[in-house]
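Take a moment to look over the chain before reading on. Then follow the text from the whole fold down to a single residue.

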Amino acid sequence: MGRKKGLPEFEETAPDGFDPANPYKDPVAMVEMREHIVREKWIQIEKAKILREKVKWCYRVEGVNHYQKCRLLVQQYLDSTRGVGWGKDHRPISLHGPKPEAVEAE
């Protein structure tokens, strides 16, 4: 069994045939869009992990001066963690918003 040559090629852009208004119109484009979103999320998560390690290292090295010396690195880390994760951030509000309350008739 030999080694494979090269790395697999991935599309870096969203699929062409995906329609956000009607995602179930083209099932193949829907699956490709889901894979694209998952891939982008993993990239964001890994960037945040790398920045977290840099912040830890900076805190250890700088000691009591970490407030001034690591400020920009901490700001980059905080910016990178906003909107990262597997939560409900990109789904429409109708899927994760508060449920409408039933109005009682008097």
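What covers the buried residues of H1? The cover includes helix H2 (66-69) and helix H3 (71-81). Keep in mind that this is a predicted model.

Now step back to the whole chain. It has 4 helices and 0 strands. Read from the N terminus, the order is α-α-α-α. Of the 106 residues, 14% are buried. The exposed surface comes to about 9800 Å², and carbon and sulfur atoms supply 57% of it. Take the contacts between residues at least 6 apart in sequence: 43% of them join residues at least 24 apart.

Next, follow helix H1, residues 27-62. It has 36 residues, so at 1.5 Å a residue it should span 52 Å. Its end C-alpha atoms are 53 Å apart, which agrees. The buried residues of H1 include Ala29, Met33, His36, Lys41, Ile45, Ala48, Leu51, Val55 and Cys58. An α-helix has 3.6 residues a turn, so residues three or four places apart point the same way. Just after H1 comes glycine 63, with a positive phi of about 65°.

Finally, turn to helix H3, where serine 80 lies. Is serine 80 buried or exposed? Serine 80 counts as buried because its relative accessibility is 18%, and the cut-off for buried is under 20%. Which residues does it touch, leaving aside neighbours within four places in sequence? Serine 80 is in contact with Ala48 and Leu51. Both of these are among the buried residues of H1. Serine 80 also has a polar side-chain atom 2.7 Å from the backbone oxygen of tyrosine 77.

How values were computed:
Residues numbered from 1 in each chain as written. Predicted model: local features only at pLDDT ≥ 70, side-chain atom pairs only at ≥ 80, totals over all residues. Heavy atoms only, no water. Helix = DSSP H or I, 4+ residues; strand = E, 2+ residues; numbered from the N terminus. Buried < 20%, exposed > 50% of the residue type's maximum accessible area, 1.4 Å probe, protein only. Contact = heavy atoms within 4.5 Å. Areas by Shrake-Rupley, 256 points an atom, 1.4 Å probe, with all protein chains shown as cover. Expected span 1.5 Å × (residues − 1). Polar contact = N/O pair within 3.5 Å; in protein donor to acceptor, adjacent residues only side chain to side chain.
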